[in-house]
Amino acid sequence: MNKIFKSALLLMAGVLMFTSCSDDRDSNPVLQQPESFVLNTPAYAGQAIDLANSNTVNLTWSQPDYGGFPVAVEYTVEVSPTNEWTTSYAQEAADDTGVTQCDYYAFENVFSTCNAEISASELAKALVVICNYADESEIPAEQEVYARVKANTPGATEVTSNVVKILVKPYYIELKPADPVLWYMVGNCIGSNDWDNGSGSVGTGLVPLLPMPDADVDANGNTVLVYAGFFPAGGQFKFVRDPGSWDTQMNYTNLEGDSPVTDEDGDNHNIGVPEDGFYQIEMNTVTQKFTMVKLDNIYNEYATITMPGEYNGWDGVAGNPMTAMGKRDNTQTHDWYADLTLDSDTPIKFNNGTSDWSMNWGGTAFPLGYGTNGGPNIPAKAGVYRVYFNDCLGLYYFMTTE
């Protein structure tokens, strides 16, 4: 009798286990691929928004249906005066021939919620870019603008919303080359603090890539950035644009061409370094693609970098020493920065902190250039700067801060 009772209990347990597993499988959510999602028509759509006297243009939408459950989604907003959507401004900017003409503009901001506040001035600039308005006389009194939103989430392809039409009163913005927008490396082999993406962490957790001399800079500050330095085996890192924010970043998925680096951490796609060595990175911030190659070069590591010049009596030893970007035991220091105020124009150079000037960097370009050993004095201009220097490349950048 006991054997029968025990057998019955085992049978019941097996049935319950099977039922539980079956229910578990049935309740597990499966990510689905939506075809579109709804961008809401704004209540103001029938009224002309005066962009010159407005701060933002607001849009809202519904999350795409990825299977009836919430997922983390990144959204970007695009606008067009033609509703054709064939060529983006990024594609036009990447064409050195000047033949390509865009018909829509993608804002750089990435949104994590189902609403966006688009800067009115940025929208006005986008219309000047797309329509090629030469001056104020060409600006229409009112202009129709079409907007759409794109959604991205891991495991699904990009989804585009419906298009809504709004009416605006545009104004003219003179397009001038913007200052280059820097991007920063962050990771467990960058600076002295692991993955420290704080707003004030440049030099400790964030190390910048610097603009490549002679590279074009578009109206949004996009250009080609470059970096060279030592990376340890086992290091992992990625790129962020805005210190203190993870909203706009690049990782292994933005890599272009052959490279010895690896894709680490499948969710975050950190860039992994397989072996010690010096590497060079070139990043195109228009296309948001980068290359990373291992170098044969071995660069000296310096204890001090100074900025001697006429303004401080050409003191190569103590003449305005720069601050070394942080490092750890398995890395090296090749990146330096200093805040500098020049009351008047002055020649200046970079020195390795010795009185014999055995290693010094100079160049003819300002505020950005490649310095070479024993090169000419840099013709620095009066101003307030954050100065960056990479001693592997001899690359310097006097970034205006006022």
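**Reading a predicted fold, feature by feature**

Mentor: Let's open with one side chain: leaving out residues up to four places away in sequence, Lys125 touches Tyr105, Ile173, Leu175, Ala219 and Asn220. Contact here means heavy atoms within 4.5 Å. This is a predicted model, in which local features need pLDDT of at least 70 and side-chain atom pairs count only at pLDDT 80 or more, while totals for chains, interfaces and linings use all residues. Residues are numbered from 1 along each chain as its sequence is written, and side-chain values use heavy atoms, with hydrogens and water left out.

Trainee: Does Lys125 count as buried or exposed?

Mentor: Buried means under 20% relative accessible area, exposed means over 50%, and partly exposed lies in between (1.4 Å probe, protein chains only). Lys125 has 14% relative accessibility, so it counts as buried.

Trainee: In which helix is Lys125 found?

Mentor: Helices (H or I, at least four residues) and strands (E, at least two) are DSSP runs, numbered from the N terminus. Lys125 belongs to helix 3. Nine of the twelve residues of this helix are buried, so helix 3 is largely enclosed by the rest of the structure. Ala120, Leu123, Ala124, Ala126, Leu127, Val128, Val129 and Ile130 are among the buried residues, together with Lys125.

Trainee: How do I check the span of helix 3 (residues 120-131)?

Mentor: The expected span is 1.5 Å times one less than the number of residues. For helix 3 that should be 16 Å, and its end C-alpha atoms are 17 Å apart, which agrees.

Trainee: Which residues touch the most other members of the largest nonpolar core?

Mentor: The general idea is that in soluble globular proteins, nonpolar side chains tend to be buried together. A nonpolar core is a set of buried Ala, Val, Leu, Ile, Met, Phe, Trp, Tyr and Cys residues joined through side-chain atoms within 4.5 Å. The largest one has 43 residues, and Met185, Phe231, Phe237, Phe239, Ile281 and Met292 touch the most other members. Strand 9 (184-187), strand 12 (224-231), strand 13 (236-240), strand 17 (277-284), strand 18 (289-294) and strand 28 (395-400) each give two or more residues to this core. The largest share, six residues, comes from strand 12. Apart from this core lies another, of 38 residues, among them Ile49, Val71, Phe107 and Ala126.

Trainee: Which strands are joined to strand 17?

Mentor: Two strands pair if DSSP finds at least two bridges between them. Strand 12 and strand 17 run antiparallel and are joined by eight bridges, while six bridges join strand 17 to strand 18, also antiparallel. Strand 17 has six of its eight residues buried, so it is largely enclosed by the rest of the structure. The hairpin of strand 17 and strand 18 has four residues between the strands, and there Gln288 takes a positive phi near 55 degrees.

Trainee: Which residues lie closest to the centre of the largest pocket?

Mentor: On a 1 Å grid over the protein atoms alone, a pocket is an open set of points where a 1.4 Å probe fits, with protein on both sides within 12 Å along at least five of seven lines; lining residues have an atom within 4 Å of a point. About 1,400 Å³ of space lies in the largest pocket. Of its 44 lining residues, Glu74, Thr76, Val110, Asn152 and Gln288 are the closest to the centre. Strand 3 supplies the largest share of the lining, four residues.

Trainee: In what order do the five strands of the open sheet stand?

Mentor: The order is 19-20-27-28-24, with antiparallel pairing. Strand 19 (323-324) and strand 24 (368-370) stand at the edges with a single partner strand each, so one side of each is left without a neighbour in the sheet. Two bridges join strand 19 to strand 20 (residues 335-342), and Thr323 stands opposite Tyr337 in strand 20.

Trainee: What is the peptide bond from Phe366 to Pro367 like, cis or trans?

Mentor: This bond is cis, with omega near 10 degrees. Pro367 sits in the loop between strand 23 (360-362) and strand 24.

Trainee: Where is Trp357, and what is its phi?

Mentor: Trp357 lies in the loop between strand 22 (350-351) and strand 23. Its phi is near 55 degrees, a positive value in a residue other than glycine. At 25% relative accessibility, Trp357 counts as partly exposed.

Note on methods
Points joined across faces, edges and corners; volume = space filled by probe spheres on them.
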